[in-house]
Amino acid sequence: MTTQPVRRGATYEDLLRIPENLIAELIDGEIYTAPRPGSSHSVASSVLGMVLGSPFHLGINGPGGWWILDEPELHLHPDAFIPDLAGWRRETTPECPNTSGTDLV
């Protein structure tokens with residue numbers, strides 16, 4: 001789904017004012033919003049998390065050694081994104097990232 005920016009020249013503080021029923025991201029100083037995903041999107045994301053979580057997060061029939069998280073808020077200054085899933089190698093990130101605004105790549 002392609003969305004149009006709802007605000008240009010925005011800051012993270014502007015992003016925090018967006019209603020919680022929307023997903024909002026700050027990209028190149030523009031805020032983009034989208035409604036929460038529908039059931040089919042949520043099912044696909046959940047299944048992908050399960051498929052990746054067992055071998056990579058838990059190490060079941062796989063290498064382990066990863067943090068796999070649903071919808072973390074990532075701060076890649078000055079932008080803020082919310083991907084469906086994200087992962088970090090525990091080798092380089094020994095503690096689970098604080099996803100209410102992590103800047104760990």
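This is a predicted model: local features need pLDDT of at least 70, side-chain atom pairs count only at pLDDT 80 or more; totals for chains, interfaces and linings use all residues.
Local features require pLDDT of at least 70 and side-chain atom pairs count only at pLDDT 80 or more, whereas totals for chains, interfaces and linings use all residues. Residues are numbered from 1 along each chain as its sequence is written, and side-chain values use heavy atoms, with hydrogens and water left out.

Buried denotes under 20% relative accessible area, exposed over 50%, and partly exposed the range in between (1.4 Å probe, protein chains only). With residues up to four places away in sequence not counted, the contacts (heavy atoms within 4.5 Å) of Ile31 include Pro5, Val6, Asp14 and Ile18.

Asp14 lies in helix α1 (residues 12-16), helices being DSSP runs of H or I with at least four residues, and strands runs of E with at least two, numbered from the N terminus. Asp14 is buried, at 10% relative accessible area, and its side chain reaches the backbone nitrogen of Thr11 at 2.9 Å.

Four salt bridges (a side-chain nitrogen of Lys or Arg within 4 Å of a carboxyl oxygen of Asp or Glu) were counted. One of them joins Asp14 to Arg17 at 2.7 Å between the closest N and O atoms; Arg17 is exposed, at 59%. Another pairs Arg36 with Glu71 at 3.2 Å, linking distant parts of the chain 35 residues apart.

Conventions: A polar contact is a pair of N or O atoms within 3.5 Å; within protein, one must be able to donate a hydrogen and the other to accept it, and residues adjacent in sequence count only if both atoms are side-chain atoms.
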